[in-house]
Each structure stands twice: as C-alpha cells, then as structure tokens.
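User: I've got a structure open and I'd like to learn how to read it feature by feature. Could you walk me through it?

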Amino acid sequence: MPSKKALVRRPSPRLAEGLVTYAERQKVDVGLATEQWEAYVEALRAHGWETFEVEPADDCPDSVFVEDTVVMFRNVALITRPGSASRRPETAGVEEAVAGLGCSVNWVWDPGTLDGGDVLKVGDTVYVGRSGRTDAAGVQQVRAAFEPLGARVVAVPVSKVLHLKSAVTALPDGTVVGHIPKVDRPSLFPGFLSVPEESGAHLVLLGGHRLLMAASAPKTAELLTDLGYEVVTVDIGEFEKLEGSVTCLSVRLRGLYA
C-alpha cells in the first residue's frame, strides 16, 4: 500500500521576520501561529498520516514552510535550491529526514533554483512553475531527475503569485483547482475548476475524497462539499500573512512502501 507519511517542521521563533513578496507585511503572532501549526499537524494525524518532525531551524524564519525544500516523486527526493538565498540553510535538516526514511536523494545544483511550492504533481504529470523563485535551470533539473522515472514535466508560467501552488492544486480525480485572477494560463491544464476564493485553490489530499483546506475559504469549501468531497478545514491565518498555505506546511510522501 502507498505510504501516508508527512514531514512537518515547527515554526521558528523568528517566524514574524519571514519573507513577503506579493502581500503587505502584517504583524504575525508567533504564539498563535504555533498553536495553528499544532492543530494542522493534528488534522493530518487524525486522518491517518504519520508525521515526522524535521529538526527545527530556528534561525530560518521561513523554515516552517517545509514543502519548499524538497520535491518527492515516488521514492526519490529532490532537495531544492530555494530561490531566496536566505532559505538555503533550511535544506540540510530536510535532506537528513528524507534519507532517514529510505528515500533516494538527488539535489538541485547551482545555478538552478527551485522552490518546492512551484511543483504540482497530478498522476505522473509534474507541473513546474517558472516563477520568481524557480528558474529555467531549476525546471531542467526537475526534468533530469524525474523524467527517467516516467514523469512528464510541464513548465507553467507564474507571475501573479509567489508559487505555482499559491495559484493551483488538484482534486483526487486530477482536476486542477484555481482562483482565476491568480492563474496565468488555466488552459494549460486539461481539466480546470475555478473557485471563488484565493485560498480555496490550496488543497491537501488526505486520502479518498477527503480534502484539507484553510478556513479562510468557506465558499470554496461549500462548493467542494456540494461536489461530494469531505472537507476538513484548519485556521492558518498567521501563515497566510506570510503567503503560506496548507500545502507548504508539510511534505506528503505517498510513494514510499512499507
């Protein structure tokens, strides 16, 4: 059976200093953020996910956004080279964690840059956002790592949000979900569902027809419930101030077999 393991990383005490690119900086309550993170982790566990805490990186304000540091395809972990140099020290602890779980480890090398939030997997198709954080050399290195394993890598322009997965994610049937004003080219996706809220585009697949999403998108939650999905919501408001979403707070490892 496919695994249900997830990497998570406790928020840094310096979280409030995290990077913001498209959003206006707001005051972040680190204590409340930690409570929200704990509730998020508990939601994963409550739906059958075994969570593994990566060693904290207290000197790295953005380290809670663990998804940006590694991309998984089957049992292969591609350690990223984040587009922001200040985030590159975050990768060492994640590399140690995935190696400990038995993953085969590859790396993105200079001059390439890649943030994991720019990678959306739909079956064997791997969409890679060409964003302000992921460059053309990074896209090429994703191809080199995953195409020999059977992946089809598709580059996607991203100019309106921080990462590809800030704009789109996918439902269990492969339909891509996005908030139209934030998506550069919806036509690049074979199946596309427009949702009414920006944070409604951020979905974590919990298994079966269960979806994890932010409490800040009630209209989208209603829409997806009406389509037959079981929606689980969590409040991640402090992380949303830093352009974070439910996807970037964990790395789901589905391709490992026990």
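Predicted model: local features only at pLDDT ≥ 70, side-chain atom pairs only at ≥ 80, totals over all residues.

User: How many bridges join β1 to β2?

Analyst: There are 4 bridges between β1 (residues 5-8) and β2, and the two strands run parallel.

User: Now salt bridges. What should I look for?

Analyst: Look for a side-chain nitrogen of Lys or Arg within 4 Å of a carboxyl oxygen of Asp or Glu. The structure has 13 salt bridges. One of them brings together the side chains of Glu-50 and Lys-5, at 3.2 Å from N to O. Glu-50 sits in strand β2 and Lys-5 in strand β1, so this pair ties together parts 45 residues apart in sequence.

User: Which residue forms a salt bridge with Arg-81, and is Arg-81 buried or exposed?

Analyst: The partner is Asp-110, with the closest N and O atoms 3.5 Å apart. Arg-81 lies in the loop between β4 and α2 (91-100), while Asp-110 is in the loop between β5 (104-107) and β6, so to speak a link between distant parts of the chain, 29 residues apart. Arg-81, at 17%, counts as buried, whereas Asp-110, at 57%, is exposed. Salt bridges can also share partners: Arg-10, Glu-38 and Glu-53 are joined into one network that way.

User: Last one, helix α5. Which of its residues are buried?

Analyst: With a helix, check which way each side faces. In α5 (residues 218-226), the buried residues are Thr-220, Ala-221 and Leu-224. Viewed down the axis of α5, they fall within an arc of 100 degrees, so they line one face of the helix. The face turned away from that buried side carries the exposed residues Pro-218, Lys-219, Glu-222 and Asp-226.

User: And what covers the buried residues of α5?

Analyst: The cover includes β11 (192-194), β13 (210-214) and β14 (230-234). After α5 comes Gly-228, with a positive phi near 100 degrees.

Technical notes:
Residues numbered from 1 in each chain as written. Heavy atoms only, no water. Buried < 20%, exposed > 50% of the residue type's maximum accessible area, 1.4 Å probe, protein only. Arc of directions from axis to C-beta. Contact = heavy atoms within 4.5 Å. Pairing = 2+ DSSP bridges.
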